[in-house]
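Subject: Model handover

Hello,

Here is the structure I said I would pass on.

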Number of protein chains: 4
Amino acid sequence: MEKGLIMKQGLKKSKVINVAICGGSGYTGGELLRILHNHPYAKITAVTSERSAGKRVVDIFPHLHKYEDLVYEPLDKKRLLGKAEFFFLALPHGASQEAVNFFFGNKKRVIDLSADYRLVDPGTYKEWYGLPHKFVSTLKKAAYGLPEIYRKDIKKAWLIANPGCYPTGAILGLMPALKNKIIDISSIVIDSKSGTSGAGRKADSAYSYCEVNEGFKAYGIGTHRHTPEIEQELSALAGEKIIVDFTPHLLPVDRGILTTIYAKLSKAKDTAAVLSLYKNIYANEPFVRVLDAGIFPNIKNVRGTNFCEIGIKVNKRTNTLIVVSAIDNLVKGASGQAVHNMNIMMGFDETEGLKHLALFP
Amino acid sequence: MEKGLIMKQGLKKSKVINVAICGGSGYTGGELLRILHNHPYAKITAVTSERSAGKRVVDIFPHLHKYEDLVYEPLDKKRLLGKAEFFFLALPHGASQEAVNFFFGNKKRVIDLSADYRLVDPGTYKEWYGLPHKFVSTLKKAAYGLPEIYRKDIKKAWLIANPGCYPTGAILGLMPALKNKIIDISSIVIDSKSGTSGAGRKADSAYSYCEVNEGFKAYGIGTHRHTPEIEQELSALAGEKIIVDFTPHLLPVDRGILTTIYAKLSKAKDTAAVLSLYKNIYANEPFVRVLDAGIFPNIKNVRGTNFCEIGIKVNKRTNTLIVVSAIDNLVKGASGQAVHNMNIMMGFDETEGLKHLALFP
Amino acid sequence: MEKGLIMKQGLKKSKVINVAICGGSGYTGGELLRILHNHPYAKITAVTSERSAGKRVVDIFPHLHKYEDLVYEPLDKKRLLGKAEFFFLALPHGASQEAVNFFFGNKKRVIDLSADYRLVDPGTYKEWYGLPHKFVSTLKKAAYGLPEIYRKDIKKAWLIANPGCYPTGAILGLMPALKNKIIDISSIVIDSKSGTSGAGRKADSAYSYCEVNEGFKAYGIGTHRHTPEIEQELSALAGEKIIVDFTPHLLPVDRGILTTIYAKLSKAKDTAAVLSLYKNIYANEPFVRVLDAGIFPNIKNVRGTNFCEIGIKVNKRTNTLIVVSAIDNLVKGASGQAVHNMNIMMGFDETEGLKHLALFP
Amino acid sequence: MEKGLIMKQGLKKSKVINVAICGGSGYTGGELLRILHNHPYAKITAVTSERSAGKRVVDIFPHLHKYEDLVYEPLDKKRLLGKAEFFFLALPHGASQEAVNFFFGNKKRVIDLSADYRLVDPGTYKEWYGLPHKFVSTLKKAAYGLPEIYRKDIKKAWLIANPGCYPTGAILGLMPALKNKIIDISSIVIDSKSGTSGAGRKADSAYSYCEVNEGFKAYGIGTHRHTPEIEQELSALAGEKIIVDFTPHLLPVDRGILTTIYAKLSKAKDTAAVLSLYKNIYANEPFVRVLDAGIFPNIKNVRGTNFCEIGIKVNKRTNTLIVVSAIDNLVKGASGQAVHNMNIMMGFDETEGLKHLALFP
């Protein structure tokens, strides 16, 4: 029995909000639907998909059969305005720019799961995404939706740039070290391994079963678009410019990102001391678990949940801090974090819709 | 948003029951803990494990970290009597016989997930399990916990024999056909494929990753112990003795049983007509979904849920009815069905703790 | 050390034949290249692919890097005539009809891995494949390339219709039973489970990693195009018309087909007696292994090889013969069997190129 | 067609050697049997296993059925002396010390796949393996069996310490950089990911299917026993003491190690320049492939082979060299490299038994 459920006895129906999901036929859209099905205060009133318009959600995602009569509609922004007060946008980057601007401009609360409003510098956005940012004044109003760092901003914001999956695992793994200034910021190596759902739901033979299964490879070495996002947030935490080596790899699993981080210690510390810093900082976070010394995370233990698990090791032989973080890329790395942000924005219990334990095995 | 949650506003704290789980370090025990974490009226007050006594649940199952201070204890039956009013027993067959008898005899409600109280004929039990049944009078009081067939009995029972995983998929797949007497009962072939968690959590090189992964095989052909359980229930439905060919196979997945059933039609019917019989019988069942013509189940769509999905096809060329059913062997095939039974016994909403959609992908 | 290699000391260079592969960028084409790399008498002189024309083989299949300068070319039939004397065609059905006719008509030896020349009755071909057969006189000259049944025909043939993957496992599993007339031919159920490479190498989200992994489903129930091929060959073996229930399933593995076959015995026999029939018939077959009583095949044990392993069980309770066969769908079910056929046609040792043991684990 | 096979026409039967495998029931032992089945000059005359003594090889490894009458025997060293002239030892570390010393002392050629003779300093061995080394004079005569570095020593040696799986991938990935002194040796990070067969064939619930599948984790961070072996060889290459951060991870695949290596460049170089150094050094190596710029290895492309594939990237933003290497841990990381060493020792063509291409998919 989980305490929250009993405490919810006093909930008021007036709290229920109408929610639209723009881009609901991909994995992050499907995951929003799955998670919000468990949410007592969110009612899905519209879901869009260009390629699946007219089809029922259950035709595209048989596991979402509880949305009995929910049908995909095209992204007709004006029409949607009247249907919901809260908008999740799970559109491709680029396509999200204008939609965000429209809904936000029309006084709707918006959580954007694309990369379009994450980079505060439009020049950096253009450099890495190859597109100009057309709505810089809106961009300035976006809060970066990592609650463990920006909770206060999120509370007040009407536009959230929901973090990327790799940045979530990397930033949470480094935040306490940077805040406490215990590492040499020129030495950071971030070696990440992601499940295949991170590539999205699409017809691409590179992600076909027989290509991915029993395989493992690095990709986008030094060039992955999450690099500037990671660097932006690490730099903000450190108060100085940080450049990192970030290498993503493709894991033959459905879900999960394990990130192994290396940084030289600038001050000699042992594992216990660093662990103590981490445990203090995350002590009250509902979704971050710092594991005891000698225990390290496994993506399987966070599958389907919004938890981030972190393990710490100081290698005394090399004076290196090694941090390992694990998240579910579709939950804490995308849709779960988005719902967490919604809960904060709306004043709900932060864990609403996200109370379940991992599906293991 | 899921309706049940809002309706629960009126729940009474007095409804909460104290629950003990005997045998809580295996996969079905872990799954009971996972599911009951979502249950508003069940409070886990004790969990036992001989080999892990003294360890915390989280040491054995890191994903169950919300049970912060729950510690495994040995199966000291007398001591446990004072700790709970409802007992789930996830012990090995044979070991369960006496424990069930003890708790039931001491006026506790008991759900036995082992095979010990499933076979109504002690002779059949001895023949297939190689053990005598020592508590025949208790055996007679057990209800077979398949709600779709025995809901009325379950409501009144204090002892439930929770069905086996294979029998659950096979019986639900055949029940409407047998009740409507549309098949030749001498022609039934049941070809089942189960995920590896069905073998339990144990150190056995036959179930090690490298042996199972990328492999597939049949096992226990004609000799699997679920055979008499399937036959007992099919015979009861048909009103005459049924003997079946039942072949289990080992799938390289964590969870799920897909069962493909073949039987000659005794009356010519087309797919639509048979589908109609199935849809009628299961129309009000919260956990059975009969799929539309041309759609067949995939274990991935029921993963982590208590749903049983059923697809129907009549092969006119051979006059054969082909039924495909899919369940999660650990949920509808074990712990989820057990919680469903608890809900029925206690008068809770049948879906309490079991409201979530499948984790896909 | 494998005997054949030493015996090959006396081989004559003059035996080497020039081989072309039409359709070399799919999995069966790639597998032909992999296998023929081990073949002492086959020299690949051309490989075609429309979509990859101009690219090197290693660009499309990095594991085939030993074909250093081999480049895909378009299927220019006339040009190819001068390049090779032996043609493997791994083209889509329909597309193969004319190419086969052309090369065969120009006095080339041809092995067609498509379905176009497998069905002796053009009407059946049209019914199941939706296309007329334009080259019926050529069709009549094709031998069905299952060496265990048609070795003599293959020896003399210049055109081989290489069997489908499912038919190979099903026919080999039933041949001794049908030849010995021990089963009721109206009762045959063939339940097959295939690895995902059977779907080919293509961009189709239905076969993407996240859709297939951790899933399992039936498909094409009663309508799969391998049904008439299976029935044609079983009927020929029995000497009377056979109609079967055939259900394919999609396994989350790269390779392998396990086929579980059920048929009522027309004469009472025990496992040992049936096993003896099977062992006799396959005693001298280099690629069929009939396993001892109580041992059943696993696709993992034949992975990457041309072996078919067969296990036998008589279920005395139901008077049913249960046969389980395992093959690698890309080897014995496609490219390996094609090379075996080439060896027979050319008078090579039948096992040339196919001598290796399975990759396990 | 593969050239070597034709050139083998002139082979002399007198070249055939009798080979014993001590410890033949684990994965590396099984892999030696699989590979040597393809070897024209090696005849297996004995294979040992304590737990499987008296059983046939095919009872333990069904895929090795071509060794029809080969039966496991206990490790009776004296008896084995008369049976073979070449010994592969695939025993656990510790157990190998004495056996190696015995066979080597009795004038047999020995390749030890354990860690017992890899570390030249007995003190380091004791520190990391917790055991004293009892045969230091024999230890001094062992050559480290990495042909790309020690080919000349291997040619003359009668005792080979076959490298560990992780060290093979790490050392080959760093050798050209160290030889050319282009990196800051204090900055080396080695992040490795291994398939599960690396854990051996054993009954351990930590490696059971349901624990490993869909999971991913780091283990032995900073403490893995391959660390001193890697450091010994890197130090030898650099001519000065090197200490590294080495983190192994457990991949949910059967086979393969991908190693991602990071080191700061001590001299500014671009990818092309570093690639050129690597290509030069490995130009004549039969089993190392340095991939072109922009192409990175995937373990799937080397599965079942003795190849090591290497990709190179210089990250100009961070002045870091990133090297990715891929091997099959059971082949290049164990048994294949052992056979390569045997070929060198015996003067066989270096690729004998190892000529096959990867099994893909």
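Predicted model: local features only at pLDDT ≥ 70, side-chain atom pairs only at ≥ 80, totals over all residues.

Residues are numbered from 1 along each chain as its sequence is written, and chains are lettered from A and ligands numbered from 1 in the order in which they are written.

Sheets, chain C

Helices (H or I, at least four residues) and strands (E, at least two) are DSSP runs, numbered from the N terminus. Two strands pair if DSSP finds at least two bridges between them.

One open sheet has seven strands in the order β3-β2-β1-β4-β5-β7-β6 of chain C, with parallel pairing. Its edges are β3 (72–73) and β6 (143–144) of chain C; each has a single partner strand, so one side of each lacks a neighbour in the sheet. Within this chain, β4 (residues 86–89) and β5 (residues 109–112) of chain C are joined in the parallel sense by four bridges, and Phe88(C) stands opposite Ile111(C) in β5(C). Helix α13 (residues 331–346) of chain C lies across β1 (17–22), β4, β5 and β7 (159–161) of chain C, at about 155° to β5(C). For such angles, axes are lines fitted to C-alpha atoms, for helices over the stretch in contact, and the angle runs from 0 to 180 degrees between N-to-C directions.

Another open sheet of seven strands has the order β9-β10-β8-β11-β14-β13-β12 (chain C), and its pairing is mixed. Here β9 (217–218) and β12 (288–290) of chain C are the edge strands, each pairing on one side only. Strands β13 (residues 308–315) and β14 (residues 320–327) of chain C run antiparallel and share seven bridges; Ile310(C) has Ser325(C) of β14(C) as its bridge partner. Helix α12 (residues 271–281) of chain C lies across β12, β13 and β14 of chain C and runs at about 155° to β13(C).

Helix pair, chain A

Helices α9 (residues 165–179) and α11 (residues 226–238) of chain A pack at about 20°, with axes 10 Å apart. That makes α9(A) roughly parallel to α11(A) (angles under 35 degrees count as such). Residues in the contact include Ile171(A) and Leu174(A) of α9(A), and Ile230(A) and Leu234(A) of α11(A). By class there are eleven nonpolar, one polar and three charged residues, where Ala, Val, Leu, Ile, Met, Phe, Trp, Tyr, Cys and Pro count as nonpolar, Asp, Glu, Lys and Arg as charged, and the others, Gly among them, as polar.

Chain contacts

Residues are in contact if their C-beta atoms, placed from the backbone, lie within 7 Å. Chains B and A each give 36 residues to their contact. On the side of chain B, α2(B) gives the most, with three residues, and the classes are 18 nonpolar, ten polar and eight charged. A rotation of 180° with 0.0 Å of shift along its axis superposes chain B on chain A (RMSD 0.0 Å), by least squares on the C-alpha atoms of residues with pLDDT of at least 70 in both. The two copies are thus related as by a two-fold rotation axis.

Between chains D and A, 37 residues of chain D contact 37 residues of chain A. Elements giving two or more residues on the side of chain D include β8 (189–194) and β11 (257–264) of chain D. That side has 17 nonpolar, nine polar and eleven charged residues.

Regards

Technical notes: Parallel < 35°, antiparallel > 145°, perpendicular 65-115°, else oblique. Contact = placed C-beta atoms within 7 Å.
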